[in-house]
Amino acid sequence: MLTQAFSEAFSLIASANPDLYEILWLSVKVSLTALLSASILALPLGTILAISEFKGKRAIVTFFTAMMGLPPVVVGLFVYLMLSRSGPLGVLELLYTPAAMIIAQCILIVPIVTSLTHQIIEELNREYRDLFFSLRIDTGRAIFAYLWDARFSLLTTVLAGFGRAISEVGAVMIVGGNINHLTRIMTTAIALETSKGNLALALALGIVLLMIALVVNALVMIVKTFAMDKGYA
Amino acid sequence: MPDTPLIEITNLCLRVNNTDLLDSISMSSKDCGVTMVMGPNGAGKSLLLKCLHGLIKPTFGSVKVSGEYVLGPSTNQAMVFQTPVLLRRNVFANLKFAAPPGTNAVTINNALSTAHLADKKDLPARLLSGGEQQRLALVRALLRKPKLLVLDEPTASLDPASIQIIEGLIQDFTEHGGKTIFVSHDIGQAKRLGSDIIFLHKGRVVEHSDAARFFINPKSKEAKAYLNGQLIV
Ligand SMILES: Nc1ncnc2c1ncn2[C@@H]1O[C@H](COP(=O)(O)OP(=O)(O)O)[C@@H](O)[C@H]1O
Ligand SMILES: [Mg+2]
C-alpha cells in the first residue's frame with residue numbers, strides 16, 4: 001500500500017496535477033507575502049532597536065524574543081478573535097481568506113525576524129559605532145548602511161522566517177479554514193488528505209514541502225559560505 | 001596676531017568607576033607638524049585621542065580645537081582607529097561611503113593610488129592584508145580633508161613597505177598644512193615624524209617636549225625608562 005501511495009504521489013507531481021499545483025502556488029504566495037510584509041516591518045525595527053538607546057528598549061527586545069516561541073495555534077486563535085464577525089476587525093470580512101492567513105503568518109514571523117535582526121545588527125554596531133559617529137553618519141543613513149552590511153546574515157534570517165511560515169499549520173487552519181480552491185495550502189491539505197485516507201495527494205504535497213525546506217536550508221548554507229569567502233560575514 | 005594653538009586641552013579628566021583613566025590633562029599644540037603620543041600600554045593614549053576627537057565626553061575639563069569646544073566629531077577632524085574598521089563592501093565603496101557628498105570617482109581613484117591600492121579597488125575590503133587595511137583606513141580619513149588627523153597606532157605590526165607608504169601620506173598631509181596627532185610605540189618612527197612628543201603615563205601627561213629634546217634628554221624618569229626599554233611601574 002505504501003509503495004503504491006508513493007508511486008501515485010510521484011505521478012501526481014510529475015503529471016503537474018492541477019490540484020497539487022494550485023495548492024502549492026497558494027502556499028508560496030501566502031508565505032512570500034507574509035514574509036515580505038513582516039520583513040518590511042521587522043528589518044528596520046530590529047535595526048532601530050539595535051542602534052538606539054531609550055528607556056524600555058530592553059523590555060521591547062525581551063518581548064520580541066519571547067514572542068519567537070509563540071504557539072501558532074494561539075496566534076491563530078488570536079487572529080480569529082480579531083477577524084471574526086463580532087471581533088474588532090470583523091467589518092473587514094477577512095476571516096477564511098488568504099489575507100487572514102497572511103496576517104497570521106506575519107504575526108508569527110515578525111518576532112523572529114525582529115529579534116534575529118536585533119542580534120545581528122547589535123553585534124555589527126559594536127564594531128561600526130565609533131566609525132559612524134566619527135564620520136557623522138545620520139540615523140537614516142546608518143540604518144540603511146547596517147541593513148546593507150548585514151545583508152547576508154539578514155538573508156539567512158529571512159529565509160528561516162520563510163521556512164517557519166510555509167511549514168506552519170495550526171494558525172492558518174484556524175483563520176483560513178482550509179477551504180478548497182480558496183484557502184487550502186500545503187500543510188492544511190496534508191492534514192486533511194491524510195485524515196481522509198487520500199495518502200497519495202498528502203504524500204505528494206509532503207514531498208514538495210520537504211523539497212522546499214531542503215532548498216531553503218541549502219540556500220542558507222550557500223549564502224553563509226559565500227559571505228564568509230568574501231569577508232562579508 | 002597671537003599664535004592661537006590648534007589644540008587646547010584644559011584640566012581634562014575621564015573617570016570611570018571611580019578611577020581616573022585620564023587625570024588632569026592640560027596641553028596645547030600648535031597648528032602644524034606631527035605631535036606624537038607615546039607611553040606604555042594602558043597609559044590612556046587611545047582614550048585621550050577619543051576625547052580629542054569627540055567620541056568620548058570627558059568627566060571634567062574641556063577640549064578645544066581651532067578655538068571651538070569639541071562636543072562631538074566634527075568635519076575638521078578625521079580619526080583612524082587602532083584596529084581599522086572597514087565596511088563589508090569593496091575597497092572603492094568604503095571610500096565612497098566616507099567621502100564628502102559629491103566626491104567623484106576620479107578623486108577616489110586618485111586617493112587609492114596614493115595608498116598603492118588602485119589595483120585592489122574592487123576587492124572586498126576585509127580581505128585585504130593588515131597593512132592594506134590600515135592604508136585604506138588612512139586614505140579614507142584623508143579623503144575627508146580634515147585640518148586635524150588623529151591616528152591611533154596606524155603602523156603597529158605592519159611591514160616596512162606599508163609603514164613607508166603611511167609615513168609618506170602623513171608627511172604629505174602635514175606639508176600641506178595639516179596637523180597630525182599620532183600614537184606610536186616606534187621610537188625610530190617618532191624621531192622621523194614627530195615635531196613634539198607627549199608622554200603619557202597612568203592617565204597623566206608626564207612630559208610634553210620638542211622631539212629633538214625628548215629623545216636626547218627626557219625630563220621625566222618614566223620617559224627615560226620607556227626609552228631605555230625598561231618596564232615602568
Ligand atoms: N570603557 C572603559 N571602562 C573602563 N576602563 C577602560 C575603558 N576603556 C579603557 N579602559 C582602561 O583605560 C586604560 C587606558 O586605555 P587605553 O587608552 O586604551 O590605553 P592605551 O594607552 O594602550 O591606548 C586601560 O587600563 C584600559 O583598561
Ligand atoms: Mg591604545
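Visitor: Is A:Glu53 buried or exposed?

Guide: Burial is judged by relative accessible area with a 1.4 Å probe on protein chains only, where buried means under 20%, exposed means over 50%, and partly exposed lies in between. A:Glu53 has 70% relative accessibility and therefore counts as exposed. Before we go on, note that this is a predicted model, in which local features need pLDDT of at least 70 and side-chain atom pairs count only at pLDDT 80 or more, whereas totals for chains, interfaces and linings use all residues. Residues are numbered from 1 along each chain as its sequence is written, chains are lettered from A and ligands numbered from 1 in the order in which they are written, and side-chain values use heavy atoms, with hydrogens and water left out.

Visitor: With which residue does A:Glu53 form a salt bridge?

Guide: Side chains of opposite charge can pair when their charged atoms come close. The rule used here asks for a side-chain nitrogen of Lys or Arg within 4 Å of a carboxyl oxygen of Asp or Glu. A:Glu53 pairs in this way with A:Lys57, the closest N and O atoms being 3.7 Å apart, and A:Lys57, at 5% relative accessibility, counts as buried. By this rule the count over all chains comes to twelve salt bridges.

Visitor: Which parts of chain A does the pair A:Arg58 and A:Glu122 tie together?

Guide: The closest N and O atoms of this salt bridge are 3.4 Å apart. A:Arg58 lies in helix H3 (residues 57–67) of chain A and A:Glu122 in helix H5 of chain A, so the pair ties together parts that are 64 residues apart in sequence. Helices here are DSSP runs of H or I with at least four residues, numbered from the N terminus. A:Glu122 itself is partly exposed, at 23% relative accessibility.

Visitor: Where in chain B do B:Arg192 and B:Glu167 lie?

Guide: B:Arg192 is in helix H6 (residues 187–193) of chain B and B:Glu167 is in helix H5 (residues 160–175) of chain B, so this pair ties together parts 25 residues apart in sequence. Their side chains meet in a salt bridge at 2.7 Å, N to O; B:Arg192 is partly exposed, with a relative accessible area of 47%, whereas B:Glu167, at 8%, counts as buried.

Visitor: How many residues of chain A are in contact with chain B?

Guide: Taking contact as heavy atoms within 4.5 Å, 21 residues of chain A are in contact with 22 residues of chain B. The size of an interface is often given as the accessible area lost when the parts come together. Here the buried area, which is the accessible area (1.4 Å probe) lost on putting the two parts together and summed over both, is about 2,000 Å², and carbon and sulfur atoms give 56% of that area.

Visitor: How many salt bridges are there between chain A and chain B?

Guide: The count is four, and one of them joins A:Glu127 to B:Arg126, with the closest N and O atoms 3.3 Å apart. On the side of chain A that touches chain B, helix H5 (98–134) and helix H6 (139–149) of chain A each supply at least two residues, and the largest share, eight residues, comes from H5(A).

Visitor: Which residues is B:Ser220 in contact with, leaving aside its neighbours within four places in sequence?

Guide: They are B:Val206 and B:Glu207. B:Ser220 lies in the loop between helix H7 (211–216) and helix H8 (221–227) of chain B, and is buried, with a relative accessible area of 9%.
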